[in-house]
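Here is a short briefing to read alongside the model. Please keep the structure open and follow the strands as we go.

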Amino acid sequence: MYPLVEGEQLLWSGRPQRYLRRYRDYHYYLTVGILIFFAAGLTTILSLNYWVMIGWVVVLVLAVATGHERNRERRAFIAVTTYLVTDRRLIFVSESPPGIEFRWIRLADLRPPRVRDHGDGTGTIDFHPTASEWLRDQGFRSRPAWYPILPELMAVPDAAQVAGLIARNAPRAPAVG
């Protein structure tokens, strides 16, 4: 079922153990909300028109609802994701009712792994994205597998050991064929 090529060896597989709420998942909506709130306050100071105030309330409610929906989509996507580490690739498998989706990245294409320990035996592994990569990724974070995302293994058990496994195999990872 999993997309292993001939001669590829599975070294580790796992799933996120829990959903993590992070500021970076909300920063876009927080920024937009502050701008809308500032614009609404400025509009109120300049003109106390009832319909203008109702319009700003509607815009603010839509921004909050969009942020909530994005978070719900992300939680659902993470709940059906499995991570596979092979001797050549890092593979993400999303198994949901429409079907199974796969995406992968060659270990040789990854930056050195960074582990953030969550204090409960789990940790998150990412690969030192640049600021521009991270900002570009925020628009696609909760989307299906065919959208580009930065690789991240969220809330996996023994994250330090998995990161070590990836780091050891990255320099010698042959091309996937």
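In this predicted model, Thr82 stands opposite Val93 in strand β3. That pair belongs to the antiparallel pairing of strand β2 (residues 81-86) with β3, joined by five bridges.

- Two residues lie between β2 and β3, and the two strands form a hairpin.
- Strand β3 itself spans residues 89-96 and is mostly covered, with six of its eight residues buried.

**The largest nonpolar core**

- The largest nonpolar core has 22 residues, and those touching the most other members are Trp12, Leu90, Ile125 and Leu153.
- Two or more residues of this core come from each of β2, β3, β7 (152-157) and α4 (159-169).
- Helix α4 gives the largest share, five residues.
- As a general background, nonpolar side chains in soluble globular proteins tend to be buried together.

**A closer look at Ile125**

- Which residues does Ile125 touch, not counting those up to four places away in sequence?
- Its contacts are Pro113, Arg114, Val115, Pro151, Glu152, Leu153, Val156, Ala159, Val162 and Ala163.
- One of these, Leu153, is listed with Ile125 among the core residues that touch the most other members.

Methods
Residues numbered from 1 in each chain as written. Predicted model: local features only at pLDDT ≥ 70, side-chain atom pairs only at ≥ 80, totals over all residues. Heavy atoms only, no water. Buried < 20%, exposed > 50% of the residue type's maximum accessible area, 1.4 Å probe, protein only. Helix = DSSP H or I, 4+ residues; strand = E, 2+ residues; numbered from the N terminus. Pairing = 2+ DSSP bridges. Core = buried A, V, L, I, M, F, W, Y, C linked by side-chain atoms within 4.5 Å. Contact = heavy atoms within 4.5 Å.
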